Amino acid sequence: MKLNWTAIGASFVTTTVLAIVFGLYLPKNVDLISPVIGGLIAGYIVGGSYTDGLVNGGIPAGIGGMVSLTTSILLTSSQTTTLAYSLGYTGSKETLFVALIVGSVVVGFALFFVFGIIGSIIGVKLNKNKTSKSD
């Protein structure tokens, strides 16, 4: 298992930027395609073994999910508090944000990690198909 920092950087940046843009401007859950794209890019760059693709694509996509979901919550904070209070939330605003941030970190990493792994497997497979056809 080797770390390819180019693949890790590409996966993280792609996942984070696409998830924020997709999450803010497109319909619900479209941002879940961003870790697949980020993982696919990393898996294609790494090639070789599936384990290398998983490490270099899945983990950065998961970290990108943590960052992007937390950023999206912070960017939409006024809408989030309005929604929470209209649904009957009676606690403090600080407690609400701590719960939302912790939840977005945990859920963001888990979801984006799994989807990043799927993308990295596809990327490694595409790289293997390319190299086997050129032989």
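Helices here are DSSP runs of H or I with at least four residues, numbered from the N terminus, and Ser120 lies in one of them, helix α5, which spans residues 93-134. The model is a predicted one, in which local features need pLDDT of at least 70 and side-chain atom pairs count only at pLDDT 80 or more, while totals for chains, interfaces and linings use all residues. Residues are numbered from 1 along each chain as its sequence is written, and side-chain values use heavy atoms, with hydrogens and water left out.

- Leaving aside residues up to four places away in sequence, Ser120 touches Gly39, Leu40, Gly43, Gly53, Leu54 and Gly57, a contact being heavy atoms within 4.5 Å.
- Ser68, which lies in helix α3 (residues 50-75), is buried because its relative accessible area is 1%.
- A polar atom of the Ser68 side chain lies 3.3 Å from the backbone oxygen of Gly65.
- Ser68 also touches Thr16, Ala19, Ile20 and Phe112, again not counting residues up to four places away in sequence.

**Nonpolar surface patch**

- Val13, Val17, Val21, Leu24, Tyr25, Leu26 and Leu75 form a nonpolar patch on the surface, with about 660 Å² of accessible area together.
- Helix α1 (residues 5-25) gives the most to the nonpolar patch, contributing five residues.
- Val21 lies in helix α1 and counts as partly exposed because its relative accessibility is 39%.

Definitions and conventions
Patch = residues over 30% accessible without salt bridge, like charges linked within 9 Å, V, L, I, M, F, W, Y side chains within 5 Å. Areas by Shrake-Rupley, 256 points an atom, 1.4 Å probe, with all protein chains shown as cover. Salt bridge = Lys/Arg side-chain N within 4 Å of Asp/Glu carboxyl O. Helix = DSSP H or I, 4+ residues; strand = E, 2+ residues; numbered from the N terminus. Buried < 20%, exposed > 50% of the residue type's maximum accessible area, 1.4 Å probe, protein only. Polar contact = N/O pair within 3.5 Å; in protein donor to acceptor, adjacent residues only side chain to side chain.
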